[in-house]
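Subject: The structure, and what turned up in it

Hello,

Here is the structure I promised to pass on.

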Amino acid sequence: MERAAAAALGCALRSPSPSPSPAPQWPPLLRCHRRCPPGPPRPLLPPALRFRPLDMTKGQSSNSLKTFSSSGHSGVRQNNDDLVNGKLLIDCGEEQDCVLGGIVALGKFDALHIGHRELAMHASRAGTPFLLSFVGMAEVLGWTYRPPIVAQCDRKRVLSSWAPYCRNVVPLEYQVEFSKVRSLSPRQFVERLSKDLRIKGVVAGENYRFGYKASGDAAELVKLCEEFGLSAFIVRSVMDTAKRSHNGAAAAINSSDKGQVSSSRVRHALAMGDMEYVSELLGRKHRLVLMVNQKCLHERKKIVLPNSCMLNMPPAEGLYENCDLVNGEYLGPCRVIITSDTIVIEMKDENSLSPNPIQEVGQLGIEFG
């Protein structure tokens with residue numbers, strides 16, 4: 001997944017090199033300090049549920065912490081014994097100690113948007129932050145394939161950009177095959193987090209569902225974590241304050257949409273070609289990564305690739321100005337034309353592609369502003 005010469009095409013927003021904005025202070029629904037107050041938790045969860053204090057041990061700095069992003073593997077069918085006894089994490093070895101003693105944020109993390117970043121930020125306040133994401137859901141549940149919002153090879157870069165929000169710690173991501181946990185009850189799932197992965201606690205959004213047929217909710221997660229000796233931290237959804245509309249009507253995302261930032265909203269904004277809105281939801285410019293192959297046509301100021309080269313979801317067909325091209329380093333401003341068959345990159349500086357910047361790299365990327 002790591003390619004030494006991986007490149008990215010970037011379409012800049014109006015400021016070419018924005019500095020990270022201060023981390024937004026979204027108030028958590030449930031906060032557990034070193035010593036939990038004697039009173040009941042705030043309204044989302046039943047009054048009887050109490051919390052173990054979060055361990056506020058200091059995380060490693062980004063300078064000393066290795067980043068990790070596992071590659072996606074196809075799902076594997078397993079029997080009940082495998083579900084109970086098999087390895088939970090992908091690419092973590094037999095010991096399964098990659099998240100040992102850490103604080104794990106739970107979710108799908110498709111878009112790595114500002115709501116996901118908020119979970120990682122709260123995890124970093126309690127210890128070493130990890131993202132535990134679930135892959136292979138579409139294959140198991142028979143969903144229609146959709147390209148990822150973030151290219152798999154680009155996730156490490158995105159997570160590294162979260163360090164300023166996470167106490168200068170780069171959140172590490174590990175993935176779980178959905179087929180391995182699909183049949184687990186909520187109790188079995190939390191038990192595996194506690195006994196197999198030996199984590200210290202979890203962070204989840206207020207709408208988080210887990211367990212067989214999504215039968216567990218945030219309240220049950222907290223209750224089970226207390227039972228198994230884990231800390232639990234439930235975070236309010238980050239709301240979409242932009243509330244964009246197109247053709248005079250607000251977007252109807254899905255039945256569970258309550259106005260929160262979500263991967264579904266990011267997909268909708270990309271499908272509308274509203275790149276400013278996409279940037280607001282992601283907290284960064286959207287990067288489209290392209291695999292360079294023999295079908296790539298290169299001229300003095302222009303690169304033409306078939307759409308089959310795209311490794312993640314592009315915006316709608318159309319012309320996009322004020323973009324940036326990168327291939328490990330900044331190559332210069334460009335504009336991008338996306339059609340049903342091809343993607344055309346036109347450099348504003350005719351010397352930007354001299355010498356040929358793509359002959360020795362396997363990927364290019366575009367960031368849209």
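Below is what was found, taken region by region.

One thing to keep in mind from the start: this is a predicted model.

**The cores**

Let me begin with the inside. The largest nonpolar core holds 54 residues, and Ile-343, Ile-345, Ile-366 and Phe-368 have the most contacts within it. Helix 2, spanning residues 114-126, gives the most to this core, contributing six residues. There is also a second, separate core of 34 residues, which includes Val-104, Phe-130, Met-137 and Leu-172. As a general background, nonpolar side chains in soluble globular proteins tend to be buried together.

Helix 2 also carries Ser-124. Is Ser-124 buried or exposed? Its relative accessibility is 5%, and because the limit for buried is under 20%, Ser-124 counts as buried. Beyond its neighbours within four places in sequence, Ser-124 is in contact with Pro-129, Tyr-165, Cys-166 and Arg-167.

Strand 12 (residues 318-326) and strand 13 (residues 330-338) run antiparallel and are joined by four bridges. Within this pairing, Cys-323 stands opposite Cys-334 of strand 13.

Three residues make the link in the hairpin that joins strand 13 to strand 14.

Which residues of helix 7 (residues 218-227) are buried? They are Ala-218, Ala-219, Leu-221, Val-222, Leu-224 and Cys-225. The cover over these buried residues includes strand 2 (103-107), helix 6 (186-195), strand 5 (201-205) and strand 6 (231-235).

At the start of helix 7, a side-chain oxygen of Asp-217 comes to within 3.3 Å of the backbone nitrogen of Ala-219. Just after helix 7, Gly-229 has a positive phi of about 80°.

**A cavity**

How many cavities of 30 Å³ or more does the structure hold? There is one. The largest cavity contains about 50 Å³ of space. Its lining is made up of Ile-149, Val-150, Ala-151, Asp-154, Arg-157, Val-158, Arg-284, His-286, Arg-287 and Asn-312. Helix 4 (155-161) and strand 9 (286-291) each supply at least two residues of that lining.

**Two loop residues**

Finally, here are two residues from loops. Asp-274 lies in the loop between helix 8 (263-272) and helix 9 (275-282). With a relative accessibility of 14%, Asp-274 counts as buried. A polar atom of the Asp-274 side chain lies 3.1 Å from the backbone nitrogen of Tyr-277.

Lys-243 sits in the loop between strand 6 and strand 7 (245-246). At 66% relative accessibility, Lys-243 counts as exposed. Between Lys-243 and Gly-259 there are 7.8 Å in space, C-alpha to C-alpha, while the two are 16 residues apart in sequence.

Happy to go through any of these regions with you.

Best wishes

Technical notes:
Residues are numbered from 1 along each chain as its sequence is written. This is a predicted model: local features need pLDDT of at least 70, side-chain atom pairs count only at pLDDT 80 or more; totals for chains, interfaces and linings use all residues. Side-chain values use heavy atoms; hydrogens and water are left out. A nonpolar core is a set of buried Ala, Val, Leu, Ile, Met, Phe, Trp, Tyr and Cys residues joined through side-chain atoms within 4.5 Å. Buried means under 20% relative accessible area, exposed over 50%, partly exposed in between (1.4 Å probe, protein chains only). Contact means heavy atoms within 4.5 Å. Two strands pair if DSSP finds at least two bridges between them. A polar contact is a pair of N or O atoms within 3.5 Å; within protein, one must be able to donate a hydrogen and the other to accept it, and residues adjacent in sequence count only if both atoms are side-chain atoms. On a 1 Å grid over the protein atoms alone, a cavity is a set of points where a 1.4 Å probe fits but cannot get out, and a pocket is an open set with protein on both sides within 12 Å along at least five of seven lines; lining residues have an atom within 4 Å of a point. Grid points are joined across faces, edges and corners, and a volume is the space filled by probe spheres set on the points.
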